[in-house]
Amino acid sequence: MITGFADLAVADAEVLIVDDDADNRFLLKELLGAEDYRTVEATNGIEALERVAEHLPDAILLDVLMPGMDGLEVCRRLRADPRTAAVPVILVTAQRGREDRLAGIAAGASDFLTKPVDVADLRLRVRNAVATKRLYDRVEREYQRTKELEQHRDNLVHMLVHDLRSPLTGIVCDLQLLEHEGQRTLHPNLMECVSGAVKSAQVLSGMITSILDVNRLESGAMPLSLMDTDIVDVVREARTALGSAALRVRVENGGGQAHPTAPCDPELIRRVVLNLLSNAIDYSPPEEPVTVKVARRNGNVRIAVSDRGPGIPAEHHDRIFQKFGQVGKNGRPRKASSGLGLAFCQLAVEAHSGQIGIESEDGKGSTFWFELPVREVDSEPSSREEALERSA
């Protein structure tokens, strides 16, 4: 158990001393050796980089003024390499000016020692640098362990969910058959129970599909059937899938007679729109409409779904697109939700090289939007319903 920051600076820590002056290296080595640090030496910048490549030290004492590659360039190269970026670098310099220190900070220095070196100052700064490195290593190990556990969890969830799909499909089919046949033989109260069971099983089936699809999108294993697609038609198909709730949805085509089209997977984008519409309806007062606007914007097609619900505070905007992230009214988690709907939307849109976002203020409703690359084609109304809607 760690009782203090300094406890992380263990005696077997290794410090790399980089200086072209042999006397300076000897002095630093003797002073650190008295504190039980192990030391490694390098006489120039190139040799220092080679030593670090062979084995990562816990800290580096780096002279600034050296022939060839100076200490600032060595520091910059160490910071540019992800493998060595976290190693603390203490610049040892006779330069005391403000500009010199700013140059060291810009190069990535962790700390400074001024020549001639004060013994107590040296030992304190090295101890703190080593403790910082050890703390970073501990956090990194915990982070990697957490990632492994999360991967194991995701694999287990995926396996269980995948195995649940087949028996659940059988349950749904049997319940639907019972619902159909029971209309003639079952009491109305029992029929109501059967219908409720069918709906619940279908919701569960949809949640399983969402989990599997999010997993496939995250791993890049979701196949996309790309085709040139009329986005307004996709929005209307999503609206129709809402059933009676479709009456609350207004579709506005900002492109006039020319429908925007995009090379996309129409079924995947339809599901994105359906998710956004379902959320908007859930959070809007029953008497308020939900508006979908399709328009061209900066070379893209933009689909924006607006509701007149309670809105979402700005501090929750990033969270709502996270997997299993849920935000309900007043920032509280939403009930009866898998928390995967908006995560699926984001992954699906990004798979099309698009962008997704939200514009919302607490108490002022929300607009969820996404954009896809677009090119325009002129099209006439394809149905009587479409013609009537445009004239309205």
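Colleague: In what order do the five strands of the open sheet run, and is the pairing parallel or antiparallel?

Modeller: The order is β2-β1-β3-β4-β5, and the pairing is parallel, where two strands count as paired if DSSP finds at least two bridges between them, and where strands (E, at least two residues) and helices (H or I, at least four) are DSSP runs numbered from the N terminus. This is a predicted model, in which local features need pLDDT of at least 70 and side-chain atom pairs count only at pLDDT 80 or more, while totals for chains, interfaces and linings use all residues. Residues are numbered from 1 along each chain as its sequence is written, and side-chain values use heavy atoms, with hydrogens and water left out.

Colleague: Which strands stand at the edges?

Modeller: Those are β2 (38–42) and β5 (111–114), and because each has a single partner strand, one side of each is left without a neighbour in the sheet. On average, neighbouring strands of this sheet are turned by 20° against each other, direction ignored.

Colleague: How many bridges link β4 and β5?

Modeller: Four bridges join β4 (residues 89–93) to β5 in the parallel sense, and T93 has T114 in β5 as its bridge partner.

Colleague: Which helix packs on the sheet?

Modeller: That is α5 (residues 119–185), which touches β1 (14–18), β3 (59–63), β4 and β5, contact meaning heavy atoms within 4.5 Å. The direction of α5 makes about 165° with that of β5, with axes fitted as lines to C-alpha atoms, for helices over the stretch in contact, and angles running from 0 to 180 degrees between N-to-C directions.

Colleague: Changing topic, how many aromatic pairs does the structure hold?

Modeller: It holds one, formed by F321 and F368 in an edge-to-face arrangement with 6.2 Å centre to centre and 70° between the planes. Rings of Phe, Tyr and Trp (its six-membered ring) pair if their centres lie within 6.5 Å, with planes under 30 degrees apart counted as stacked, over 60 as edge-to-face and the rest as tilted.

Colleague: Where do F321 and F368 lie?

Modeller: F321 is in the loop between β10 (300–306) and α9 (341–351) and F368 is in β12 (residues 366–373), so the pair ties together parts that are 47 residues apart in sequence. Both F321 and F368 are buried, where buried means under 20% relative accessible area, exposed over 50%, and partly exposed in between (1.4 Å probe, protein chains only).

Colleague: What does β12 pair with?

Modeller: β12 pairs with β11 (residues 355–360) in the antiparallel sense over six bridges, and G357 has W369 in β12 as its bridge partner. The two strands, β11 and β12, form a hairpin with five residues between them, and G363 in the turn has a positive phi of about 85°.
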